[in-house]
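Here are my notes on the model you sent. Please read them with the structure open.

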Amino acid sequence: MSKYLDLSLKEIHELLKKGEITPTILVNECFEKIENSNLNAFINTYKDYALLEAKKLEEMNVPDDILFGIPIAIKDNIMVKDMKCTCASRMLDNFVSIYDAGCIDYIKDHHMIIVGKTNMDEFAMGSTSETSYYGAPHNPWNYNKTTGGSSGGSAAVVSIGIVPLALGSDTGGSVRQPSSFCGIVGMKPTYGRISRHGLVAYGSSLDQVGVMSRNVYENAILLNAISHLDKRDLTSFDTDIDFTREIDKPLENFKVAIPSFFISDIIDPEVKEKIMNIKKILEDNKIQVDIVDIKYIDKTAILYQIIAMGEASSNLARFDGIKYGYSYPNPASLDDLYKKTRRYGFGEEVKRRIMVGSYLLSGENAKIYYNKALEIRDDLKKNFLDAFKKYDLIIGPTAARCAYDLGMNQNDPLKGFMDDILVMHANMGGFPSLSMPIGLNRENLPIGLQIIGNLYKEDTIYQLASFIEKKVKFDSKKVRNGI
Amino acid sequence: MLTKEEVMHVADLARIEITEEELQKYQKDLKILLDEVDKIKDIDDFDDEKMFSPTDNTFDLERKNISVTNENVLLNVPKKMGNFVEAPVMINE
Amino acid sequence: MEYRKTIGIEVHCELKTKEKIFSPSLSNYGSIANTNANIIDMAYPGVLPQFNSEVLSFAIKACHVLNLNITKKMHFDRKNYFYADNPKNFQITQNETPIGTNGYVEIDINGKKKKIEILEMHIEEDTCKSVHSDKYSLLDYNRAGVPLIEIVTKPCMESALEAVKYLEKLRELLLYAGVSDCKIEEGSMRCDTNVSISKTNELGTKIEVKNIGSISNVGEAINYEAKRQEEILEKGEKLREETRRFDDKTRTTILMRVKETGNDYRYFPEPDIPYVNLTDDFIHDAINELSRMPDERRKDYEKSGILPINIEKIIANKEISDYLENFLDINLVIASNLLLGDIQSYLNKNNLKIEDTKLTHQKFRDLVNKLDKKEINNKIFKDILIDIMETSKDIDDIICDKGLNVSFDDNLLNSIIDNVLSNNEKIISDYKNGNTRSAKALMGLIMKEGKGKIDPSAANEKLMEKLNSL
C-alpha cells in the first residue's frame, strides 16, 4: 500500500506537480485505508464519485494550490450535493442533499476530493459520537476508547491518516474535544468566519464549522480556503487575511493567560501537568504567562445548556415527516404523524434535549432561564474581551481528561455536557479556539492544549500553536502503526 | 422535579410520543438536567443587556437576496400528490 | 342597561415585494404549486434565513401612513408551533420589537372624526397555502415566506360601523401607500376580530372571530357575535374564551376551538438575523417614495368641483386617481368624467389598462383642454375616442383627418347664425313678441345648418346674444 497520504501537503503537492503521483493514486490509497480500517468512522463513503473527480483533475494542469487533489472527509451534518446527509440520525437516514454547503463550494473550488461523510453524535448532540444511529466510531489510539464528539468520525479519520484533512462542526467543543482525544489539530474559528449555510443547525448562535488536520500549518491552509463572506448567512463576515501570516514570526512581548478554572481540581493531574509544562516552555521563551480569574467562566455550562437546548428544540422542529426524512407510515392524524415520526426518528439524547429545550422556553420559563442566560452570556463575553485587552491569548486544556472507555457516559444525561466544560466559552462569545496535541498520558492517549484567541485573531492562535508544535514535537504517526 | 403531567406536557410541546415506561425514565433524566440549569437562579449581579448572537454584523439595509436552489425540492418529500406536498388532514382551520 | 361592545381588530396584509422576505423566491404564489419554493421556503436542513431589505422600506411606508412610531433598532423572534402549513414549525416574526408602535387611523362616523388607536405593527412571514379534502391536506410552499405585516388595534371600537370604517380606511391607506393589494377575497388582506360585551367598565370575555371574507362580513360578524354573547349572558350562562369563524352561508359564527390557557409559542430572539438598525436616511428615502394619500387627493378633487359621488368613485379606483395625479393643473372635472366614463368603458370593453393604449399623457392633456375650451364637443370626442386610444396621431390630426375641424371657427359660427337670422324674420318677430319657443326653433335651424359639428352651448350663447341685440 502506498503511503503518500502520510506526507505533508507540501510534499504531496510537489509529487503531483512533478507528475510522480496522480489524484487517483491518492484516492485509491485513501479507500484502501478505509477498507482496511474498522473504526466505523464513516457513515457513507463515495468511492466512485471520488475516482471520477480524481480522473477529471488529471486532465487539468496542477495549479499552485496545495489543496489540489487532496482527499477530504466531511462531517455528516454538512450538505454535499447528491450525497446523503444523515446527521447520524434515523430521521435523515435516506435524506439526499440537493445543495452544497457554503464551505463545500470552496472545497470543490480548490479541487479537493470528498471521499465520505463522517460519523458523529446524532445531530451533533453529544461528546462521544455514541449517540450516532450508526453506532460509535472508535479511537485510533485505542479501539476501546471514545473518539470524543460530536465530530468523532472526522477526528478519527485524520488521526489514522485516511485523509489529511476533515471538516467538523463545533457548537460547544465538538471539533476541539475529539481533536484532543484523537491527537490532531482542530480549529473552531470566530463565529461567522465560515458560512453556516448548509450546516444542519443545532444551536444556531453557537454553531460553527471547524477544520481538522494533522498539523497547525495545514489547518491554517484549510481555513484560508473555506472562510469567505457568504451572503446566504447573515452572520457571515468578510475575511481576507492569510491565517499562516504570523506563523514563524517571533513571539515578542507576548502575554498569555491561564484561567484558574482551567487548572482547578476538575482537571486530571496528568493533563494539568502537561499544561503546566507548556507554561514553563513559554516562560523559558520569555513569554509572560499569568493565572487569571474570569467571572462566570465556571458557570458557562449552565448557560450553554439552556441556550443550546433551547435553540435545538426550535431548530429540530422542522423534522416532522412532511417535507423530507423519516415519516411514520399511515398516521392517524397530523399530530400522530408528528409525534410518532419524532418518537421513532430521533434517538434518546436528541429527544431529551429537545424536550428540555421546549421546557426552558415554555411560558414564564423563557424569562427565568433563556433570557437570563442571554444576559449572563453577554457579561461573560465582555469579561473575555476584557481579558484580551491584557493578554494576546488564553490557554488551558481542551478536555479535563483523555479519551475514556466507550460506553462510560451512557445513562448519564449530564456527562455529555461536562466533557465540554472547558471549550464552551469560545462558542458562547464567538471566539476562535484551537486544540492541538501536546503529548500522551501513561495510557498512550493524546492530551490536547486549547488556545483561545480574541475575535478575528485566528492568525495569532496559529502563531503560538506553531511555536508550541515545534517545541513539543508530538509524534502523530505513532498511532498509524495500528492499521 | 417535573410531575408526570408536566413531562407529558413538555413531550406534547415537542411533539414527541412517549410511552408510560419512557415517562419514568424521562422524568428522571429531565430532573438531572433541570437541576443543573436551575443553578442559573443563583447567579445575580449581571447587567441586563442580552446577547442572542455573537455576531458583530450590522444588518445591510441595501442587501439583496442571493439565489439558492429550487431544483428538486420535492425530491425528499415522503408523500406527494402531483406538485403538492401531502400531509394528514389539517384541523382547526 | 345596554351591553356595550368592545372590538379590537388584527389585520394581516401581504406586502407586494418582488421577492419573499427570507428567501430569493419570487413572491408570487399564483404560479404552479411549489415552483416558487426553494430550499429555504421548504425549510431544508441547513438553510438560514436571508433578508429582503425591500420589506423594510414597505413596512416603513405602512408605519408612516398609519402614524406609527418607527422602531429603529429591532430584531426578529421565533414563534414556535407545529402546523402542517408552517414549514420550519416556527414562524419568524417580531414579538419584542415590532417595527411600528402607537399609531392611529382617523375615521369619520356621520361627520364625527374618531381616532382608531393602533397598538403595534410587526413584520412576519406567511405560511404555506393549503387545500383540504377529508382524507388529506395538500401544501403549496409558494406562499411560504411571502412578507406580511400584522396591524393590531387597541380594543377601542364600539360598533360594527366603526370596525367597518376602520377597515375601509386601513385598506385605502395601505393601498395608496403602495405596499399591498389588500384583496380580502384573494387572501392578501385577512381580518381577525375580537369582540366582547359588557355592562360595566370592565371588559367582557374576549371572543375571536377569524378569517372573515369581506369587510362587510366583519360588520355582520360583530353584530351577530354581540347578539349571541348577549343571549348567553341573559340566560345567566358564562362565556368562555374561544376562537370562532364567520360562516358565509349561514351568516353566523361557528366555534373553531376553545382557547387553551394561553398559547405556548416559546418565543425567543431569532439568532440567525442580526439586529436591524434603520437609519434616518433609509426611513426618509422610503417615506419620500410615497405618493399622496387619499384625503389629500380628496381635497383637490373637492376644490376642483368634482361631485362627491365621483370623488369616491375615483378614490376607489386607485389607477384612475394615480393617473389624475399627473393632471392636477387642468380641468379635473372634465378629466375625471372622461376617465370614469368613456375611457373606463373603452378599457373595460377591451380589457386593457391605460398604459396599454396609445393615450399618452400629452394626448390626454390636449383632449381635456380642447373640451375645456370647447374646441371640441362631447359628440366629437365620442367620434374620435377609438382613434385616440388606438393610433399614435395627436388630437389635432385626428380631428383634421376626420374632417371635424371646421366648426370651431368663431367666424363660421357667426356666419351660420347670421344666415339663419336673416332668413327667418318671422320667427324672430315671434320671439320679440314673447314666444320663447321661437329661440329653440332658431337653434334647431342653426344646428341643422352646422350639421351637428358645432358646439350647441357656444351656438346658443351666441344666438341669444344676437337675438337680444336685434
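Predicted model: local features only at pLDDT ≥ 70, side-chain atom pairs only at ≥ 80, totals over all residues.

1. Chain B puts 59 residues in contact with 73 residues of chain A. The area buried between the two chains is about 5,700 Å². Carbon and sulfur atoms give 65% of that area. B:E17, B:I40 and B:M51 supply 12% of what chain B buries against chain A, more than any other three residues.

2. The rule finds 7 salt bridges across the interface of chain B and chain A. One of the pairs to inspect is A:K339 with B:D12, a salt bridge whose closest N and O atoms are 2.3 Å apart. Between chain B and chain A, 23 residue pairs are in polar contact.

3. Which elements of chain B supply at least two residues each to the side that touches chain A? They are helix 1 (4-13), helix 2 (20-37) and strand 2 (84-87). Helix 2 gives the most, with 10 residues. By type, the residues on this side of chain B divide into 31 nonpolar, 8 polar and 20 charged.

4. Now chain C. Strand 10 (residues 147-153) has 7 of its 7 residues buried, so the rest of the structure largely encloses it. C:P147, C:I149, C:I151 and C:T153 point one way, while C:L148, C:E150 and C:V152 point the other way. Note that C:E150 is among the buried residues.

5. Strand 10 of chain C has antiparallel partners. Strand 1 (residues 4-14) joins it through 5 bridges, with C:E14 opposite C:L148. Strand 7 (residues 112-125) pairs with strand 10 over 7 bridges, and here C:E125 stands opposite C:P147.

Technical notes. Residues numbered from 1 in each chain as written. Chains lettered and ligands numbered in written order. Heavy atoms only, no water. Contact = heavy atoms within 4.5 Å. Buried area = accessible area lost by both parts, 1.4 Å probe. Salt bridge = Lys/Arg side-chain N within 4 Å of Asp/Glu carboxyl O. Polar contact = N/O pair within 3.5 Å; in protein donor to acceptor, adjacent residues only side chain to side chain. Helix = DSSP H or I, 4+ residues; strand = E, 2+ residues; numbered from the N terminus. Nonpolar A, V, L, I, M, F, W, Y, C, P; charged D, E, K, R; others polar. Buried < 20%, exposed > 50% of the residue type's maximum accessible area, 1.4 Å probe, protein only. Pairing = 2+ DSSP bridges.
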